[in-house]
Amino acid sequence: MKAIKGFKHVASLPYYFMDGIIYHLAGSLFTPRPTFVCFPVTFRCNSRCQMCHIWENPSSIAEMDLQKIEEVFSNRLFRNVEEMVLHGGEPTLRADIKDIYGIVIRCCPKLKNITSSTNGLKPALVKKRVQEILSVVDPNAVQLTFTVSIDGLKESHEAIRGIPGGFDRAIETLGVLKGFQQDYPIDVQIITVIQPQNLSDLESMEELAKDYDIGIIFQPLMVDTFYHNSSLDPRLQFSRDQVRAYRNFVEKNLTRSPSTRGLFWENYLEMMKGGKRVVPCAYDRYVLSLYPTGEVLPCAKEDWILFGNVYEKPIDVIWFSKESRKIRKKMRKEVCPTCSFYCGAEYSLSKEFFTYFNYRLKKAARSLLKRDIQGSAGE
């Protein structure tokens, strides 16, 4: 089996190589169609997270209805989309979430993966929504991933998320999603945002994921306009001792993987010391973010990063406009070199290729050197 998998990787090298060339041409010589879409289907949320204030938005804030969503995604701009993230807010609060899945499946013929997140506060509702989604999506044709946000063990998680009893309900939701895996090839993962209040829980979170036989994704704390948070919030500020603990955890637990995540965290350690970002980001060329209120943008790192609104212009006109090209150019110069966000790092590295290929070569060389040294010491 390993030999077959290895052969497939080798056979795919020419395609990765071409993707790498196209990645570097995209944006400088031409504007490509988006291949990755982030669509927060709602800003409504039943959590009260300290690192995210989406929930403070009025619950009555306008959301695109199904007719508008279908109109937008029917545009030819989405014909090359491979990855879709449907998040929020809390996406299960939309009673029509299965219909949104149906729309993106119909309108994105190259779609390979759809990821949806939940805070897990309503296990019965999550179960109902997943059943509905599976009634319109064939998980053998499109990979479905469901992530549950758990930011530490019980005390830390509930302090961060602001909901008493929230931890037990999130754990129950994990069990619900694991139950679906008995009949469907869905992926289930935990997402943990690293922040001052959960540093002592991070290794325990790895053990929790192992207990449930699922993956866990650690993400750096994000301060940007999407979450309506602030770096001045004392709850989001790391002390010197906490920064040291943070670095130790990253170095011990996250950088040793030969995967793209390992490369990201190695680079993240360098950025913590004042270095620049090496890991590429596809948000300046391939990623389209569409808000439920109609705004179109690549990312929310700065409030000036906004392309337009689908209620004012067709989405392809917005995407290919001169103003959007100017914003992308400014992003690459002023934002991307120092951005430490995890967003789409794995996807970006699969497209850029050369950075990750170089990383794997260095990993292999270090491993061989270590083996030779150990062999010489044992003689």
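**Aromatic cluster, helix packing and backbone features**

In this predicted model, one aromatic cluster is formed by Phe238, Tyr246, Phe264, Trp265, Tyr268 and Tyr342. Across the whole structure, a search finds 18 aromatic pairs. One of these joins Phe43 and Phe226 in an edge-to-face arrangement, with ring centres 5.9 Å apart and 65 degrees between the planes. The two residues come from distant parts of the chain, 183 residues apart: Phe43 belongs to the loop between β1 (36–40) and α2 (66–73), and Phe226 to the loop between β6 (215–220) and α8. Phe43 has a relative accessible area of 9% and is therefore buried, the limit being under 20%. Phe226 is also buried, with a relative accessible area of 9%.

Phe238 is partly exposed, at 25% relative accessibility, whereas Tyr246 is buried at 3%. Phe238 is located in the loop between β6 and α8. Leaving aside residues up to four places away in sequence, Phe238 touches Ile194, Gln195, Pro196, Leu199, Leu221, Val243 and Tyr246. For one of these contacts, that with Gln195, the C-alpha atoms are 7.6 Å apart in space, while the residues are 43 apart in sequence.

Tyr246 also takes part in the contact between helices α8 and α9. The axes of α8 (residues 240–254) and α9 (residues 260–272) come within 10 Å and cross at roughly 155 degrees. Angles over 145 degrees count as roughly antiparallel, and α8 and α9 therefore fall into that class. Their crossing is left-handed. From α8, the contact involves Val243, Tyr246, Arg247, Val250, Glu251 and Leu254, which meet Arg261, Gly262, Trp265, Tyr268, Leu269 and Met272 of α9. By type, the residues of this contact are 8 nonpolar, 1 polar and 3 charged. Tyr246, Trp265 and Tyr268 are named both in this contact and in the aromatic cluster.

The crossing of α4 and α6 is right-handed. On the α4 side, the contact is made by Pro123, Val126, Lys127, Val130, Gln131 and Leu134; on the α6 side, by Arg169, Glu172, Thr173, Val176, Leu177 and Phe180. The residues of the contact of α4 with α6 comprise 7 nonpolar, 2 polar and 3 charged.

The buried residues of α12 are Ala345, Tyr347, Ser348, Leu349, Lys351 and Glu352. In helix α2 lies Ile69, which is buried with a relative accessible area of 0%. Ile69 touches Phe39, Met64, Arg94, Ile100 and Ile103, when residues up to four places away in sequence are not counted. Between Ile69 and Phe226, which are 157 residues apart along the chain, the C-alpha separation is 20 Å.

Several backbone features were also found. Most residues other than glycine have a negative phi, and most peptide bonds are trans. Gly88 and Gly89, by contrast, are joined by a cis peptide bond with omega of about 20 degrees. Gly89 is part of the loop between β2 (83–87) and α3 (97–107).

Positive phi values occur at residues other than glycine. Just after α12, Phe353 has a positive phi of about 70 degrees. For Asp213, phi is positive and near 55 degrees. Asp213 lies in the loop between α7 (202–211) and β6 and is exposed, with a relative accessible area of 63%. His228 is not a glycine either, and its phi is positive at about 55 degrees. The loop between β6 and α8 holds His228, as well as Phe226 and Phe238. With a relative accessible area of 43%, His228 is partly exposed.

Key: Residues are numbered from 1 along each chain as its sequence is written. This is a predicted model: local features need pLDDT of at least 70, side-chain atom pairs count only at pLDDT 80 or more; totals for chains, interfaces and linings use all residues. Side-chain values use heavy atoms; hydrogens and water are left out. Axes are lines fitted to C-alpha atoms, for helices over the stretch in contact, and angles run from 0 to 180 degrees between N-to-C directions. Helices (H or I, at least four residues) and strands (E, at least two) are DSSP runs, numbered from the N terminus. Angles under 35 degrees count as roughly parallel, over 145 as roughly antiparallel, 65 to 115 as roughly perpendicular and the rest as oblique. A crossing is left-handed if the near helix is turned anticlockwise from the far one by less than a right angle, and right-handed if clockwise. Contact means heavy atoms within 4.5 Å. Ala, Val, Leu, Ile, Met, Phe, Trp, Tyr, Cys and Pro count as nonpolar, Asp, Glu, Lys and Arg as charged, and the others, Gly among them, as polar. Rings of Phe, Tyr and Trp (its six-membered ring) pair if their centres lie within 6.5 Å; planes under 30 degrees apart count as stacked, over 60 as edge-to-face and the rest as tilted. Buried means under 20% relative accessible area, exposed over 50%, partly exposed in between (1.4 Å probe, protein chains only).
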